Amino acid sequence: MGPAERARLLQTFDDGWVSSAGPVVEAFERAFAEATGFGHATALSSGTAALQVALTMLDLKPGDAVICPTLTFIGGVSPVVHAGARPIFVDCSAADWNLDPALLEQAFDRAKVQGLTVRAICPADLYGQCCDIDAIRAVADAHGVPVILDSAEAVGATLNGRHAGHGAQAAAFSFNGNKIITTGGGGMLASDDAALIARARNLAAAARLPAIHYEHAEVGFNYRMLSLAAALGLAQLETLEARVARRRAIFDRYVARLGDRPGLAFAPEAPGRRHTRWLSVMVMDPEITGAGPDHLRLALDAANIEARPVWKPMHLQPVFRDALVVNDGVAEALFANGLCLPSGSSLTDADIDRVCDVIETTLDA
Ligand SMILES: *Cc1c(COP(=O)(O)O)cnc(C)c1O
């Protein structure tokens with residue numbers, strides 16, 4: 001947070017706009033839509049809320065299923081459950097770590113055998129890289145189901161020059177505190193479909209019909225973004241390009257220092273993508289490096305440096321132990337051997353060098 005965020009926040013406060021009412025949320029929605037090239041966007045209290053509202057509009061019923069990547073954060077999956085469907089998990093591709101389009105037909109087959117109806121595909125743009133949306137959309141179109149894209153981690157990412165989220169019927173973004181830009185907590189649902197966004201905006205505001213008394217034809221949510229959060233978002237959005245550039249530079253510095261070491265590899269950037277490097281992720285081959293990611297993580301922790309495992313695949317989570325999964329072993333291998341390194345936009349080159357020093361010393365020991 002910088003002086004621009006502080007100024008916007010205090011101006012909004014002084015103008016009396018603390019709730020969701022007023023012009024600030026609308027201004028943030030317009031600015032976000034313009035920055036990302038979407039026709040329409042509605043701001044919500046979180047990325048999870050954005051996905052839940054989008055999935056609620058599909059009117060899911062018992063016996064319905066939604067295809068999700070297994071390698072992701074649970075915020076991309078819990079809305080499927082809350083909206084009344086069962087997730088079916090699909091492994092990721094080694095090319096971009098996102099839902100592997102080549103495995104999608106198997107997921108439809110598995111659903112059919114179980115008597116489930118697939119109603120949507122909900123892929124994610126993991127760690128700041130767009131999924132192969134065109135290939136996913138081709139399968140979705142062939143089956144007549146929409147794609148709701150979890151682009152929570154991909155604000156600022158592009159595919160063939162278009163911002164993350166395009167190519168899906170709707171895309172959700174997150175401004176949680178750990179994301180590349182933040183509103184403290186918040187999210188956005190974006191689409192080129194004006195009616196879809198208008199309905200989402202209404203559902204997120206208690207589904208009130210336009211009447212002076214309170215009139216409701218369906219139940220909604222209270223998921224609107226606060227003006228104070230939107231004020232932060234307006235200022236943060238202006239720093240997005242600089243943050244992407246810095247995160248990419250941090251990643252490049254890790255690769256320059258460590259990329260030639262045997263047994264170490266870094267997350268791929270697939271053709272046509274601009275990876276934001278929201279997180280810099282390394283993969284180890286413990287057969288070659290000796291020490292594995294957990295040993296290295298503890299060594300970094302002892303030096304007061306936080307590193308974390310790659311997302312634990314959803315099909316390995318106790319809560320989803322009975323879920324269907326199309327598993328090729330790619331996500332499991334990334335979970336076993338991956339390590340997310342410090343990646344914050346405010347890290348200095350000296351910080352990165354200190355991380356690399358600890359990694360080198362640990363692996364040489
Ligand atoms: C952060 C995140 C979400 C949820 O966003 P919130 O704003 O935290 O609710 C969903 N999916 C993925 C992949 C995320 O990283």
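1. Is F73 buried, partly exposed or exposed? In this predicted model, F73 counts as partly exposed, because its relative accessibility of 39% falls between the limits of 20% for buried and 50% for exposed.

2. A search of the whole structure finds 12 aromatic pairs. One of them joins F73 and W311, whose ring centres are 5.2 Å apart and whose planes meet at 35 degrees, so that this pair is described as tilted. Since F73 belongs to the loop between β2 (64–69) and α4 (78–82), while W311 belongs to the loop between α11 (293–302) and β13 (324–326), the pair ties together parts that are 238 residues apart in sequence.

3. W311 is itself partly exposed, with a relative accessible area of 24%, and W311 also forms an aromatic pair with Y127, which is stacked, with 6.4 Å from centre to centre and 5 degrees between the planes. This second pair likewise links distant parts of the chain, for Y127 lies in the loop between β4 (117–121) and α6 (133–143), 184 residues apart from W311 in the loop between α11 and β13. Y127 counts as buried, because its relative accessibility is 3%, under the 20% limit.

4. Elsewhere, one aromatic cluster is formed by F28, F32, F38, F173 and F175.

Terms used: Residues numbered from 1 in each chain as written. Predicted model: local features only at pLDDT ≥ 70, side-chain atom pairs only at ≥ 80, totals over all residues. Heavy atoms only, no water. Phe/Tyr/Trp six-rings, centres within 6.5 Å; stacked < 30°, edge-to-face > 60°. Helix = DSSP H or I, 4+ residues; strand = E, 2+ residues; numbered from the N terminus. Buried < 20%, exposed > 50% of the residue type's maximum accessible area, 1.4 Å probe, protein only.
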